[in-house]
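Trainee: Could you walk me through how to read the features of a model like this one? I'd like the general idea each time, then the case at hand.

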Amino acid sequence: MAELIFELGCEELPATSVRRAFCDLERGIVSRLREAGVETLDSRSLGTPRRLIVQVTGLPDRQPDTKKEVRGPAVKAAYDAAGNPSNALLGFCRGQGVS
């Protein structure tokens with residue numbers, strides 16, 4: 001299991017706002033991790049007027065695989081008359097990270 005330590009340096013916060021700031025930051029980080037499909041075992045946060053820190057433990061070594069379906073250019077626009085890939089298809093492939 002992996003561990004994440006997130007430290008945010010900030011302008012001087014009022015002492016009365018520090019606890020709320022680091023608690024909100026912790027909730028936000030854990031929420032975004034869950035939205036990405038990454039479950040956590042435990043998290044804690046702390047802070048000072050110039051630092052907000054969140055520690056997340058029990059992270060999996062990798063994010064679970066997901067399937068993503070994306071529509072590319074129409075077949076008529078994807079290939080030229082000779083059957084070679086067009087610039088539209090090549091640009092779409094580059095944008096998706098495939099050759």
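**Cysteines, core and strands**

Mentor: Cysteine 10 counts as partly exposed, because its relative accessibility is 23%. The classes run like this: buried is under 20% relative accessible area, exposed is over 50%, and partly exposed is in between (1.4 Å probe, protein chains only). Bear in mind that this is a predicted model, where local features need pLDDT of at least 70, side-chain atom pairs count only at pLDDT 80 or more, and totals for chains, interfaces and linings use all residues. Residues are numbered from 1 along each chain as its sequence is written, and side-chain values use heavy atoms, with hydrogens and water left out.

Trainee: How many disulfides does a search of the whole structure find?

Mentor: A disulfide is a pair of cysteine sulfur atoms within 2.5 Å. Here the search of the whole structure turns up 0. For cysteine 10, the nearest cysteine sulfur is that of cysteine 23, 14 Å away. Cysteine 23 is partly exposed, with a relative accessible area of 23%.

Trainee: Which residues make up the largest nonpolar core?

Mentor: In soluble globular proteins, nonpolar side chains tend to be buried together. A nonpolar core is a set of buried Ala, Val, Leu, Ile, Met, Phe, Trp, Tyr and Cys residues joined through side-chain atoms within 4.5 Å. The largest one has 10 residues: Val18, Phe22, Leu25, Ile29, Leu33, Val38, Leu52, Val54, Val56 and Leu59. Helices (H or I, at least four residues) and strands (E, at least two) are DSSP runs, numbered from the N terminus.

Trainee: What does valine 38 touch?

Mentor: Contact means heavy atoms within 4.5 Å. Not counting residues up to four places away in sequence, valine 38 touches Leu33, Leu59, Pro60 and Gln63.

Trainee: In which sense do strand 2 and strand 3 pair?

Mentor: Two strands pair if DSSP finds at least two bridges between them. Strand 2 (residues 42-48) and strand 3 run antiparallel over 7 bridges. A hairpin of 2 residues joins them, and glycine 47 sits opposite leucine 52 in strand 3.

Trainee: Where is the place of leucine 13?

Mentor: Leucine 13 lies in the loop between strand 1 (2-9) and helix 1. Leaving aside neighbours within four places in sequence, leucine 13 is in contact with Val18, Ala21, Pro49 and Leu52. Its C-alpha is 9.0 Å from that of arginine 51, 38 residues apart along the chain.
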